[in-house]
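Thanks for coming. I have one structure to walk through today, and I will keep to what can be read from it.

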Amino acid sequence: MSDSLDKIAGFTGLSRSDLLEIAAAAKANSVRLAGCKRHRFVGGKATLGAKYDCLECGGRADNGYVYGYIAGYEAAGGVADDIWPGYRDVRSPGA
Ligand SMILES: [Zn+2]
């Protein structure tokens with residue numbers, strides 16, 4: 001019996017076990033990120049397309065996630081530098 005995982009495996013050339021491993025890692029990362037009390041990243045100049053590891057939970061997030069998180073944190077009254085040291089030095093408001 002063939003399922004959608006077999007179709008993806010055929011399309012990508014990855015094995016079912018590789019796909020299951022990738023899915024499990026993505027789910028574990030989502031659980032780490034969702035369970036973090038407050039993300040904190042190394043900071044400094046951001047690199048387009050890079051991913052960043054939270055120093056608190058170990059979850060890995062891309063630029064869009066980090067920027068959105070910081071925007072929400074600031075909207076709730078937080079200071080961006082608490083999440084990403086030097087954030088305002090490397091990213092001007094609205095940029
Ligand atoms: Zn975190």
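Two remarks before that. This is a predicted model, where local features need pLDDT of at least 70, side-chain atom pairs count only at pLDDT 80 or more, and totals for chains, interfaces and linings use all residues. Residues are numbered from 1 along each chain as its sequence is written.

Domains. The domain assignment gives domain 1 as 1-35 and domain 2 as 37-95; such bounds come from an automatic or database assignment. Taken over C-alpha atoms, the centres of domain 1 and domain 2 are 27 Å apart. Their contact takes 4 residues from domain 1 and 5 residues from domain 2, where contact means that two C-beta atoms, placed from the backbone, lie within 7 Å. On the side of domain 1 that touches domain 2 there are 1 nonpolar, 2 polar and 1 charged residue. Here Ala, Val, Leu, Ile, Met, Phe, Trp, Tyr, Cys and Pro count as nonpolar, Asp, Glu, Lys and Arg as charged, and the others, Gly among them, as polar.

Next, the helices. Helices are DSSP runs of H or I with at least four residues, strands are runs of E with at least two, and both are numbered from the N terminus. A residue is buried if 20 or more other C-beta atoms, placed from the backbone, lie within 10 Å of its own, exposed if 12 or fewer, and partly exposed in between.

Helix α1 covers residues 4-12, and the number buried among its 9 residues is 0, so α1 lies largely in the open. After α1 comes G13, with a positive phi near 85°. The loop between α1 and α2 (16-35) holds L14. L14 is partly exposed, with 15 other C-beta atoms within 10 Å. Leaving aside neighbours within four places in sequence, L14 contacts A9 and L19.

Helix α2 has 20 residues and reaches 28 Å from its first C-alpha to its last, close to the 28 Å expected; the expected span is 1.5 Å times one less than the number of residues. α2 is hardly covered, with a buried count of 0.

What about α3: which of its residues are buried? They are V66, Y69 and I70. Seen down the axis of α3, these buried residues fall within an arc of 95°, so they line one face of the helix. The arc is that of the directions from the helix axis to the C-beta atoms. On the other side of α3, G64, G68, A71, G72 and A75 are exposed. The buried residues of α3 pack against β1 (51-53), β2 (60-62) and α4 (87-90).

The largest nonpolar core has 8 residues: C54, A61, V66, Y69, I70, I83, W84 and Y87. Such a core is a set of buried Ala, Val, Leu, Ile, Met, Phe, Trp, Tyr and Cys residues joined through C-beta atoms within 7 Å. α3 gives the most to this core, with 3 residues. Not counting residues up to four places away in sequence, V66 touches F41, Y52, A61 and W84.

Two last residues. E74 is in α3, and its C-alpha atom is 41 Å from that of L14, 60 residues away along the chain. D53 sits in strand β1 and, beyond four places in sequence, is in contact with G58 and R60.
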